[in-house]
Amino acid sequence: MRTLSKVYGKKVDTGTALFALYYKQWLKVGANEPPLPVVPLPSRPSRGSSRKMSSDSFVLSSSTNKNLYKEVFGPKLELKSTALADQNGLLTIKCGSGNDENLYGDDYNRSSLQKQDSIFLGKSSRSIDNSYAELKPGSQRLDYFQCFSCRSMQAESLTNSNYTSCNGSFRNEATSLSSEFVRAITTICSSDVLSECEFAIRVIAKAWLNSHVDPLIEEAVSQSSVVEAILEILFASSIDEILELAISVLAELVWRNDAIRQIILSWDPQLDIFVRLLRRTGLFLKAAVLLYLLKPQAKQMLSPEWVSLVLRVLEFGDKVLTLFTVQCCPQEAAIYFMDQLLTGFDEDKNLENARQVVSLGGLTFLMKRIEEGEIHQRNKAALIVYSCIHAEGSCRSFLSDNIKKSSLLELIILDNSKSCSGCAFAVLA
């Protein structure tokens, strides 16, 4: 990839220089348009693809689709593209070859991989419409470009008998890492088939639970490439069981290693994956716990859905959840998110979010949090209620009729004894 980037950069620089020279001459005396840059097509690979996509084979044409070429570059280049196609011929890629059994073993042959498995597109190609990623078996022409995600960990580094981690501290032996686990790590980092990656998540989660947090397994799963691959599955999968296992594995990693938190936040800076997970009825509380462990800042919570999503967590997240060995109350997470949404932006945005909390009925849930729970969380809830009063003064009547004054008085007394911020007194005033 570094070599390709370097070559691409040189081509862009050369083309830019030629175009600048042409434009300068055109401004002065007029000039003929420069020729298109010559970009040779890639050569035929020496060996077949090692990734298993389906049990069928398909054909990729090394030429560019004539209609697309004509649309982009005009009719005068159509003959040239056809000549290139005749010269280079066709590149045939066989999928589901006989060596799959050697790579994946009996356990993978028993998995529910079907012919119709879809090709798994990673984060780099999510925005492409599904129709542009469809290949028709047996066809000698491509109507659209096919895009694949690129993973940073090579499969060969894990399928070798000696598996070395990023710091070279351990090797794969019969008594250390099972071959099934190593195959799962290899698959999740290299396969483009979603069902294979989902099966690999099951294997990794089972190994994690059965090992009682073996340091070798923890280090293997903590590789940045593995973490990023799990995040891609969180974005692409629609199976709640798989999503829950992935959330639990990531929660364990983040809880034990702060560096994993940075990897996740860097990979998904706008928290798009978590917005998707918080929408899911069966997973939103678990997703809230994982996100709380990441401690995101307000600048990352830009979606207009955040207030409503957080209020749902606040309403239903009163029970402690367990993700493998990590325990947390989702309501605690909701209070943290709400505090970020109402205090972490500029004044106008803070007031806008506070008004949305009031309009969506959030004060009812916040009042309950003032009445029960840990003192710190109760004070946080009081601070959020005060922000709502400041943003929408008409909610005072509702609060005065429904809030328990005894709870506020209790917090005021505790505030004096523990030097807290006096949020309860501000609400009462």
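**Reading helix packing and burial**

Q: Is the crossing of H9 and H10 left-handed or right-handed?
A: In this predicted model, H9 and H10 cross in a left-handed way.

Q: At what angle do the axes of these two helices cross, and within what distance do they come?
A: The angle is roughly 145 degrees, and the axes come within 10 Å. To find the pair, look at residues 224-236 for H9 and residues 240-256 for H10.

Q: Which residues make the contact?
A: On the H9 side, pick out Val-227, Ile-230, Leu-231, Ile-233 and Leu-234. H10 brings Ile-242, Leu-243, Ala-246, Ile-247, Val-249, Leu-250 and Leu-253.

Q: How many of them are nonpolar, polar or charged?
A: Sort them by class and you get 12 nonpolar residues, with no polar and no charged ones.

Q: Which residues is Ala-288 in contact with, beyond its neighbours within four places in sequence?
A: Those are Leu-278, Val-313, Ala-333 and Phe-337. As for Leu-277, it sits 11 residues from Ala-288 along the chain, and their C-alpha atoms are 8.6 Å apart.

Q: Zooming out, how many helices and strands does the protein chain have?
A: There are 21 helices and 4 strands. Of the chain's 429 residues, 43% count as buried.

Terms used: Residues are numbered from 1 along each chain as its sequence is written. This is a predicted model: local features need pLDDT of at least 70, side-chain atom pairs count only at pLDDT 80 or more; totals for chains, interfaces and linings use all residues. Side-chain values use heavy atoms; hydrogens and water are left out. Buried means under 20% relative accessible area, exposed over 50%, partly exposed in between (1.4 Å probe, protein chains only). Axes are lines fitted to C-alpha atoms, for helices over the stretch in contact, and angles run from 0 to 180 degrees between N-to-C directions. A crossing is left-handed if the near helix is turned anticlockwise from the far one by less than a right angle, and right-handed if clockwise. Contact means heavy atoms within 4.5 Å. Ala, Val, Leu, Ile, Met, Phe, Trp, Tyr, Cys and Pro count as nonpolar, Asp, Glu, Lys and Arg as charged, and the others, Gly among them, as polar.
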